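Student: Please take me through one part of this model in close detail. I would like the charged side chains and their surroundings.

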Amino acid sequence: MNFAPLPSVDVASVPADALVVDVREDEEWVAGHAEGALHVPMSDFVARFGEVTEAVADGRRAYVMCRVGGRSAQVTQYLVQQGIDAVNVDGGMIAWDAAGRPVVTAAGAPGFVA
């Protein structure tokens with residue numbers, strides 16, 4: 001079987017108004033996440049798949065992120081198999097934070113990567 005390479009981008013290539021889908025678990029999300037991200041934990045992903053399809057209904061690309069890129073790579077592969085334009089964000093939230101991109105809590109306060 002031949003598999004296409006997983007589409008991925010670095011954090012610098014994620015547009016400010018991008019649809020970021022954060023697949024980390026609740027405790028990671030609460031500590032800090034990308035502002036405006038859609039939180040769909042990997043453990044709930046299949047059950048909550050409709051939230052993602054609704055968010056990309058206008059043809060938007062989904063930028064999938066976790067802590068370092070492993071879980072998001074699996075979810076990206078799943079989304080691509082479902083015909084959704086999705087890319088894995090290399091380095092995940094660790095790289096996002098290191099690049100100085102905003103990390104916030106649900107209240108909008110500065111957050112951190114757990």
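Tutor: Arg-71 is partly exposed, at 24% relative accessible area. The model is predicted. The side chain of Arg-71 forms a salt bridge with that of Glu-28, at 2.9 Å from N to O. Arg-71 belongs to helix H3 and Glu-28 to helix H1 (residues 26-31), so this pair ties together parts 43 residues apart in sequence. Glu-28 is buried: its relative accessible area is 10%, and the cut-off for buried is under 20%.

Helix H3 spans residues 70-81 and lies across S5 and S6. Its direction makes an angle of about 170° with S6. S5 (residues 62-65) and S6 (residues 86-89) run parallel, joined by three bridges. Ala-62 stands opposite Ala-86 in S6. Both strands belong to an open sheet of five, ordered S1-S6-S5-S2-S4, with parallel pairing. Strand S1 (8-9) and strand S4 (38-39) are the edges, each pairing on one side only.

Back to the charges. Side chains of opposite charge can pair when their charged atoms come close. The structure has four salt bridges, including the one between Arg-71 and Glu-28. Another links the side chains of Asp-22 and Arg-24, at 2.8 Å from N to O. Asp-22 and Arg-24 are both buried. Arg-48 and Glu-51 also meet through their side chains in a salt bridge, at 2.7 Å from N to O. Arg-48 is partly exposed, with 25% relative accessibility. Glu-51 is partly exposed too, at 34%.

Key
Residues are numbered from 1 along each chain as its sequence is written. This is a predicted model: local features need pLDDT of at least 70, side-chain atom pairs count only at pLDDT 80 or more; totals for chains, interfaces and linings use all residues. Side-chain values use heavy atoms; hydrogens and water are left out. Two strands pair if DSSP finds at least two bridges between them. Helices (H or I, at least four residues) and strands (E, at least two) are DSSP runs, numbered from the N terminus. Contact means heavy atoms within 4.5 Å. Axes are lines fitted to C-alpha atoms, for helices over the stretch in contact, and angles run from 0 to 180 degrees between N-to-C directions. Buried means under 20% relative accessible area, exposed over 50%, partly exposed in between (1.4 Å probe, protein chains only).
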